[in-house]
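Here is a briefing on one protein model. Please keep the sequence and the structure in view while reading.

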Amino acid sequence: MRIFDPHIHMTSRTTDDYERMAAAGVRAVVEPAFWLGQPRTSAASFTDYFDSLIGWEPFRAGQFGVRHFATIALNPKEANDPRCRPVLDLLPRYLDKDAVVAVGEIGYDSMTPEEDEAFAAQLALAVAYDLPALVHTPHRDKARGCERTLAVVAESGIDAGRVVVDHLNEVTVKLVRDSGCWLGFSIYPDTKMTPQRMVELLREYGTDRMLVNSAADWGRSDPLLTRATGEAMLAAGFSDDDVDTVLWRNPVEFYGQSGRLDLSDLDVSAAVDPQTGNSILRGGS
Ligand SMILES: [Zn+2]
């Protein structure tokens, strides 16, 4: 099983995680810029963070055979802090970099006017830099948040096929599917989605435009839930090819739209299943 985790915050994870992920078949990740928990007090603090997302973290990932890409943005939560607004002016410098494969995470946290403004401005940047966009949806009031998100996306003029709307569940899946955007699902230990619920959604809606991520970060989360979802799919009768579509080919297709997803020389044949000792990966990238 080869796995591309299209949304994971490795900055908050340890080398043990990288080791376990590599052993489980994770060969590539996208790390979106996000809220670090501790509020930042100036734009300069973001400069160091963004530099680390395109410098230090890819280096760290590379030591474990994992290819690391980033998405860059002012996150929805900190868009509300006037001290962080100047981050919007820093973004063009980063959106030019090869390691940056999308604008994100953008979108809504509490749906304030400040978030409206930052969201629209960053969708315009995605259009201007010809990049896909990764859109976070609020954890509270999900249906309304999702509707408003899709309205802003439509208004921005960005091609729906270049947008992933993330953190979806049974309540929001259909709305996003009908919009033409890609659908992101974060599989969590005890909130958001579980592998079993994800399998049910794949049964109902198919594998097209479906992305599964662990969204692992500094909270209670698990970077191996992508693999667990692949296994749950197989147990439910999905084929190896279906699993490869969801866990590898879909994220490659989505972020490949950036023109910057370099997966050459990636070793996708050497991983060994920690339980059986058998090779768990097949084929090239
Ligand atoms: Zn995230």
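Gly 104 stands opposite Leu 134 in strand E5. Strands E4 and E5 (residues 133–136) run parallel, joined by 4 bridges. The model is predicted: local features need pLDDT of at least 70, side-chain atom pairs count only at pLDDT 80 or more, and totals for chains, interfaces and linings use all residues. Residues are numbered from 1 along each chain as its sequence is written, and side-chain values use heavy atoms, with hydrogens and water left out.

**Sheet**

- 8 strands form an open sheet with parallel pairing, in the order E1-E2-E3-E4-E5-E6-E7-E8. Strands are DSSP runs (E, at least two residues) and helices likewise (H or I, at least four), numbered from the N terminus. Two strands pair if DSSP finds at least two bridges between them.
- E1 and E8 are the edge strands, and each pairs on one side only.
- Neighbouring strands are turned against each other by 25 degrees on average, direction ignored. Axes are lines fitted to C-alpha atoms, for helices over the stretch in contact; angles run from 0 to 180 degrees between N-to-C directions.
- Helix H1 packs on the sheet and touches E1, E2 (26–32) and E3 (67–72). The direction of H1 makes about 130 degrees with that of E2. Contact means heavy atoms within 4.5 Å.

**Zinc site**

- The protein donors of the zinc ion are His 7 (NE2), His 9 (NE2) and Glu 105 (OE), at 2.0 to 2.2 Å. Donors are N, O and S atoms within 2.8 Å of the metal (3.2 Å for Na, K and Ca); water is not among the atoms, so sites may look incomplete.
- The donor spacing in sequence is H-x1-H-x95-E. His 9 lies in the loop between E1 (3–5) and H1 (15–24), and Glu 105 in E4 (residues 100–107), so the pair ties together parts that are 96 residues apart in sequence.
- His 9 is buried at 2% relative accessible area, and Glu 105 is buried at 6%. Buried means under 20% relative accessible area, exposed over 50%, partly exposed in between (1.4 Å probe, protein chains only).

**Backbone geometry**

- Most residues other than glycine have a negative phi, and most peptide bonds are trans.
- The peptide bond from Gly 104 to Glu 105 is cis, with omega near -10 degrees.
- Asp 141 has a positive phi, near 50 degrees. Asp 141 sits in the loop between E5 and helix H6 (142–156), and is partly exposed at 43%.
- Arg 209 also has a positive phi, near 60 degrees. Its place is the loop between H8 and E8.

**E7 to E8**

- E7 (residues 182–186) and E8 pair in the parallel sense over 4 bridges. Ser 186 stands opposite Asn 213 in E8.
- The chain crosses from E7 through helix H8 (residues 195–205) to E8 in a right-handed β-α-β crossover. Right-handed means that, with the strands pointing away from the viewer, the path from the first strand over the helix to the second runs clockwise.
- In E8 (residues 210–213), Met 210 and Val 212 point one way, Leu 211 and Asn 213 the other, and all are buried.

**Helices**

- Phe 119 lies in helix H5 (residues 113–128) and is buried at 1%. Beyond its neighbours within four places in sequence, Phe 119 contacts residues including Ile 106, Val 135 and Val 153.
- Helix H10 (residues 240–256) has a kink of about 40 degrees, centred on Val 246. The bend at a residue is the angle between axes fitted to the seven residues ending there and the seven starting there.
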